[in-house]
Amino acid sequence: MKALFIVDVQNDFLPGGALPAPRGNQIINEINRIMDQFDLVLASRDWHPGDSKHFERWPPHCVRNTLGAAYPDELDAGKIEKDFLKGTGNMDDGYSAFEATTDDLDDYLRKRNIKELYLAGLTTEYCVKSTALDAIRKGYKTYVIANATAGVEAQPGDEQKAYHEMDIAGVKIINTL
Ligand code: VGL
Ligand code: ZN
């Protein structure tokens, strides 16, 4: 069985948000379009407390229960069976969706007999990459859908570097047709 896992498609990671991926808004239609092609659709959200240590490195973003942490209106969020909240502690970066504290993602996937994980969302260099590398370590056949993923690109080349790291680890980088 194969699952689409939508990483952190949240208002704060879109243009106009607190920590934007410059092309973040351009992936939403593609994510909506492909959702029906999977046995299961899941998502993660960055869900930080206002006093998180994480904000020593990053501008405050995705503070739990704020509009910045919400799904954008354009995302077909009704098709998401479950969302996994991460970065929920005040000492916790929570880059990987496997660090979610609301549910154990690995457990959930095993119970649903998911062997193949297709990742899309935000951001390539941080949460998509961390989730993909954890997925490989845990034995999932792992894909990143590049045309449904966007990076922060804090430094030019960062996104490319992240793709390279994922590729070396055995993640398959694909584009939808
Ligand atoms: C993320 C930076 C800080 C992400 C989250 O979702 O990729 N990046 N917090
Ligand atoms: Zn964060």
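A polar contact is a pair of N or O atoms within 3.5 Å; within protein, one atom must be able to donate a hydrogen and the other to accept it, and residues adjacent in sequence count only if both atoms are side-chain atoms.

The model is predicted: local features need pLDDT of at least 70, side-chain atom pairs count only at pLDDT 80 or more, and totals for chains, interfaces and linings use all residues. Residues are numbered from 1 along each chain as its sequence is written, chains are lettered from A and ligands numbered from 1 in the order in which they are written, and side-chain values use heavy atoms, with hydrogens and water left out.

**Exercise 1.** Identify polar contacts of ligand 1 and state how much of ligand 1 the protein covers.

*Solution.*
1. A polar side-chain atom of His 54 lies 3.1 Å from a nitrogen atom of ligand 1.
2. For Asp 8, a polar side-chain atom is 2.6 Å from an oxygen atom of the ligand.
3. Cys 127 contributes a polar backbone atom, 3.0 Å from an oxygen atom of ligand 1.
4. On its own, ligand 1 has 260 Å² of accessible area, of which the protein covers 100% (Shrake-Rupley method, 1.4 Å probe; for residues, only the protein chains shown count as cover).

**Exercise 2.** Determine which residues coordinate the zinc ion (ligand 2) and with what spacing.

*Solution.*
1. Donors are N, O and S atoms within 2.8 Å of the metal (3.2 Å for Na, K and Ca); water is not among the atoms, so sites may look incomplete.
2. Asp 46 (OD), His 48 (NE2), His 54 (NE2) and His 61 (NE2) coordinate the zinc ion at 2.1 to 2.2 Å.
3. Along the chain, these donors follow the spacing D-x1-H-x5-H-x6-H.
4. Asp 46 in strand β2 (residues 40-46) and His 61 in the loop between β2 and β3 are 15 residues apart, and the pair links distant parts of the chain. Strands (E, at least two residues) and helices (H or I, at least four) are DSSP runs, numbered from the N terminus.
5. Asp 46 and His 61 are both buried (under 20% relative accessible area; exposed is over 50%, partly exposed in between; 1.4 Å probe, protein chains only).

**Exercise 3.** Describe the surroundings of Leu 85.

*Solution.*
1. Leu 85 is found in strand β3 (residues 82-86).
2. Its relative accessible area is 13%, so Leu 85 is buried.
3. Not counting residues up to four places away in sequence, Leu 85 touches Arg 45, Trp 47, Ala 100, Thr 101 and Thr 102 (heavy atoms within 4.5 Å).
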